[in-house]
Structure formats: structure tokens, C-alpha cells
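Thanks for passing this one along. Here are my notes, as numbered points you can check against the viewer.

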Amino acid sequence: MSTTTDSRVRLLKTAFVVYYHVDLAQAKRFLLDFGLTIALEHSGKEIFFQGYGTEPYVYIARQAQSDSTFGGAAYVVESRQELETAHQMFGGSAIEPLDGPGGGEQVALTDPLGNPVYLIWGWQEKEAPQPEMEKLTVNYEDEKPRRGRFQRFKPGPALIHRWGHYGVTYPEGTYETMYTWYTTTLTLAPSDFVYRGDKPITCFFHIDRGLEYSDHHAFFFKPAKSGHKTNVAHAAFEVHDFDVQQLGHDYLSSQGYKICWGVGRHVLGSQVFDYWFDPSGFVVEHYADGDLVNAETPVAHVPAGPQALSVWGPPVPSVF
């Protein structure tokens, strides 16, 4: 990307999400069953969860004082100068130490609806040995390269690689305000617009790396349901492949957790999805096989409706 005319804070990738839970012990059990592992725990107060990727952690669970709430999301920026830019040009907090595994520094911004957006730099990423999960050789009807070898899988949680994206809801009349803030403050660019009539109501954003490819969306926003407060829509975590995802689905079902929607295949982003309610009522997603886009990828404009949400899968639930 050119640095001559773009004054936005330059993002590199997604980092972590923060949630506050009234029952932290119950949230811990769910997140372990969901496929995260513990990087660091301050007993009864705060737990840093990691995936098997290089990020030191991807989810911070904190003890809530009253209600369970969403505590914001964090992006890694290109350089420390981006923290200075966020502070000086966009009203971010002072640069402060990042208190967690891997160290680093952060600046906190607040979007127009009050959602925290953290920008981090300098955390030390970890070694990421790949778990024993094979990249499958698939036999098709007209091509069968797997001969004398078998597909065998181990039941259990769907191990999470990293945190990939999240979304928030917005009240009526604030779409343009939200769109302007996210696209002029951060290097986020639209991947797809979803319309009701002639008005866009939902937008998916990728991290704008110019010609370098990035995930179809790192962030999205959509309208809040009538009569509901604005909130986090969901946070999504990448897993190895469809089989791992389905095994995780079966495991969560066996533990009695509440399914939200899945397993299915999205239209926009193409991910295979599986959404669950955690014990605090937040929606979290396992996903696999998502699209990559860059500055030259055409932006889609599609009408709202079930046909925009899934290619196949169970009926769309009311929460969507």
C-alpha cells in the first residue's frame, strides 16, 4: 500500500478479543471445550487463552463485576509509529504496556458506539508447532490419489488456530457514522455490502494490505434487532478443516452446550461455519476454508436475506 496519501492507522492482522464473564469458571470450561488452551491464568480474575498459531493469546476472559460484556478487539499494527498516529491523530489513549504473555504496547481507541478497539505493537510471538492434523488427500469421483490409505480422526474439541474476525451491531441511523469511522481511522476496506432495498445495512471489511491477500473479513457490522441494545455479534476462530470442525461440533453437543447455527457453508466469505452460545450468552464461531481478498478483488453488492447467508446448512436462526 502507498504511504504517501493514506493517513489511517495501518493494520497488520487480527490479535485478540476481550470478554467479561459473570461466571468466569463456567466460561473457562466452555472455552477449553471450544478448543482454546490456557497461556496464563490469574486465578479468579483473568485468563489468557491461546490457539496453536504464533499469537501469544487470542482471547482474554476477565471476571465481570456485574453483567457479562464484550470488552473489545485488538489488531496488530505495522510499526510503533502507528500507535503514535492513533494517539495523536485519532484521539487514542496514551501508549501503555500490554499486560499479558508476549509483552508489547497498546493504544486504545473507541468507535462511535463505544466499542473498544485496541492497537498493539511489539508483542513477542511464540513458536507454533503444528498439531498432528493431516492435510487430507481427497478422492473424487474421477480422480482417486489416496490408495491404500485411510481417513481416521480423533474425537474431541476442535483445536483453534487463531482468532479471525468479529462483528458488532449498530442502532438505526448510525450506519454511515460507523462506516466512516472504521474506513477513515483504520486500514479496513469493504469486501461485501448487503442491502435492504437500496440501502446498505451490513458491511464486511478486510484488512487493506493493497495487493497482499488477507482474510475476506476481519470485521463487520450489522443492524441491531429492534428493541435490542447494540452488542458484539460474534467472534470467530479458525480451525484446521471441515472434519476437525465437525468433530468439535459433535464434542460440544456431547457436553450439552447450546448450538446457535451450524454446521453450514457461508456465501460471503465462503467459510464453513459452526456457531455456539457460550454460557454467558455470547455467540462464538468455529470456521474453516475462508476466502482471501485483496485490493483488486471485486466488491459484492447483494440483497439481504437467507440466500445471502448460507449455501447449505440448517435454517437461519432468529439471532441472525
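1. A cut-off before we start: a residue counts as buried if its relative accessible area is under 20%. At 8% relative accessibility, Y175 is therefore buried. Keep in mind that this is a predicted model.

2. Y175 has an aromatic partner, Y179, and the two rings are stacked, with 6.2 Å centre to centre and 10° between the planes. Both tyrosines belong to helix α3 (residues 175-185) and sit four residues apart, about one turn of the helix.

3. Y59 and F237 make a tilted one, at 6.3 Å centre to centre with 35° between the planes. Here the partners come from distant parts of the chain: Y59 is in strand β4 and F237 in strand β14 (residues 232-239), 178 residues apart. Y59 is at 0% relative accessibility and so counts as buried; F237, also at 0%, is buried for that reason too.

4. Now the sheet. It is open and has eight strands in the order β2-β3-β4-β1-β5-β8-β7-β6, with mixed pairing. Because β2 (37-42) and β6 (96-97) each have a single partner strand, they stand at the edges, and one side of each lacks a neighbour in the sheet.

5. Helix α2 (residues 80-90) lies across β5 (69-77), β7 and β8 (116-121), and runs at about 30° to β7.

6. Which residues of helix α1 (residues 24-34) are buried? They are L24, A27, F30, L31, D33 and F34. Just after the helix, G35 has a positive phi of about 120°.

7. Two lysines are worth a look if you care about charges over rings. K222 has its charged end over the ring of F320, 4.9 Å from the ring centre. K258 places its charged end over the ring of F277, 4.8 Å from the centre.

Note on methods: Residues are numbered from 1 along each chain as its sequence is written. This is a predicted model: local features need pLDDT of at least 70, side-chain atom pairs count only at pLDDT 80 or more; totals for chains, interfaces and linings use all residues. Side-chain values use heavy atoms; hydrogens and water are left out. Buried means under 20% relative accessible area, exposed over 50%, partly exposed in between (1.4 Å probe, protein chains only). Helices (H or I, at least four residues) and strands (E, at least two) are DSSP runs, numbered from the N terminus. Two strands pair if DSSP finds at least two bridges between them. Contact means heavy atoms within 4.5 Å. Axes are lines fitted to C-alpha atoms, for helices over the stretch in contact, and angles run from 0 to 180 degrees between N-to-C directions. Rings of Phe, Tyr and Trp (its six-membered ring) pair if their centres lie within 6.5 Å; planes under 30 degrees apart count as stacked, over 60 as edge-to-face and the rest as tilted. A charge sits over a ring if NZ of Lys or CZ of Arg is within 6 Å of the ring centre and within 35 degrees of the ring normal.
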